[in-house]
Amino acid sequence: MSKECLVEKINISCPFCEKDHMLEKRKRVTQGIVKGEIVDYEEFFYLCPITNEEENEFVPAALMDENLLRARDAYRKLKGLLTSDEIAEIRKFYEVTQNEFSNLLGWGDVTVARYESKNIQDETYDSIMRMARENPLFTLQSLEKHKAMFTEDKYRKIKQKVVERVEESAIQYLKKQEINSIYVNFKEENEYNGYKILDLDKVAKVIGYFAQSVINLFKVKLMKLLWYADALHFRRYGKAMTGLVYKHMTYGALPLAYDEIIHLPTVKIEEKIICDEISYKILPNKKINVSDFTAEELNVLDTILAKFKNYNSKEIVEYMHKERAYKETEPYSIISFHISKELRELR
Ligand SMILES: [Zn+2]
């Protein structure tokens, strides 16, 4: 019913030829029925390219289980439920085992293990797990309520991690409020925000993407990369990417609320003392997927990375000092995107 494609060639035991040889692992989109609903999902199977038998495909038990998991995940997506991977991600966010996460939420020992492998959660269970992800305080309250499920040691260890998550989320909430109040004068599209209203999710994703692509990323360099990404996006499409507003400062363009934006949830900050000065190293906190960006945005980000990836902070600052946008803006003034687009080299 749909196009097949080759995943890999692998030397395993062939049930048709009754010996080991090269088999093709293939996949195709197929339909299955889960809980009475028809779903499309990717099915993997092995194919023997040499047998003369009419039947030349087979699916060993382990692969069958994976196929079933994909069919159930397709059903979950259809119904707006968390997928098995998403459930595992929430659990790992609190660094607990399946058993512990289950008990923490007040459920039986194996409930979460089943949701991560074969059973489909109903909506009540789904919304409890979502709540645990979105609100660490809810998770903390749930842990306290089900304290009796754990030994004192276990309880303390889990609580420590959950409290850490509570603190982080409180900081992130406050940082977002601070950023929004600093940007209160830029609620309209204009030349200073590049005709784009500040999009904090996008800022977080762009920072996360830079953090996972550049090995030694420090604050000064990150700020220049952000400006170049916005300037190049504006040059190409007449609109900035993030909505950040930049000022002319000693070390080049610097976005308003620069101290707050590095506390967005996609990055973590490591303080480092270099030559008696505190530097902030930016590290990725969670994986950013390329699907979080449009093709145009991704191309802009990759163009900026290709140019500046190996520049150190000093080099990128010196490079930026020669941009018209920098030279023609008064110190401490906001840089207009109308000159930002006059980039020296980037197209
Ligand atoms: Zn064979």
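I call a residue buried if 20 or more other C-beta atoms lie within 10 Å of its own, exposed if 12 or fewer, and partly exposed in between, with C-beta atoms placed from the backbone. Helices (H or I, at least four residues) and strands (E, at least two) are DSSP runs, numbered from the N terminus.

**Ground rules.** I'm working on a predicted model, where local features need pLDDT of at least 70, side-chain atom pairs count only at pLDDT 80 or more, and totals for chains, interfaces and linings use all residues. Residue numbers run from 1 along each chain as its sequence is written.

**Overall.** I looked up the secondary structure and got 14 helices and eight strands. The radius of gyration is 26 Å, well over the 20 Å that the globule rule gives for 347 residues, so the protein is more spread out than a compact globule. For that check, the radius is taken over C-alpha atoms, and the rule is 2.2 Å times the number of residues to the power 0.38. Along the principal axes, the C-alpha atoms fill a box of roughly 75 × 60 × 40 Å. I find 28% of the 347 residues buried.

**Contacts.** I take two residues as in contact if their C-beta atoms, placed from the backbone, lie within 7 Å. Of the contacts between residues at least 6 apart in sequence, 60% join residues at least 24 apart.

**Domains.** The assignment (bounds from an automatic or database source) gives domain 1 (4-63), domain 2 (81-182) and domain 3 (186-340). I get 33 Å between the C-alpha centres of domain 2 and domain 3. Their contact takes seven residues from domain 2 and eight residues from domain 3. On the domain 2 side, I sort the residues into three nonpolar, one polar and three charged. My classes: Ala, Val, Leu, Ile, Met, Phe, Trp, Tyr, Cys and Pro are nonpolar, Asp, Glu, Lys and Arg charged, and the others, Gly among them, polar.

**Helix α6.** Which residues of α6 (136-145) are buried? I find Pro-136, Thr-139 and Leu-143.

**Hairpin.** β5 (246-249) pairs with β6 (252-255) in the antiparallel sense over four bridges; I count strands as paired if DSSP finds at least two bridges between them. Two residues sit between the strands of this hairpin. Tyr-246 has Pro-255 of β6 as its bridge partner.
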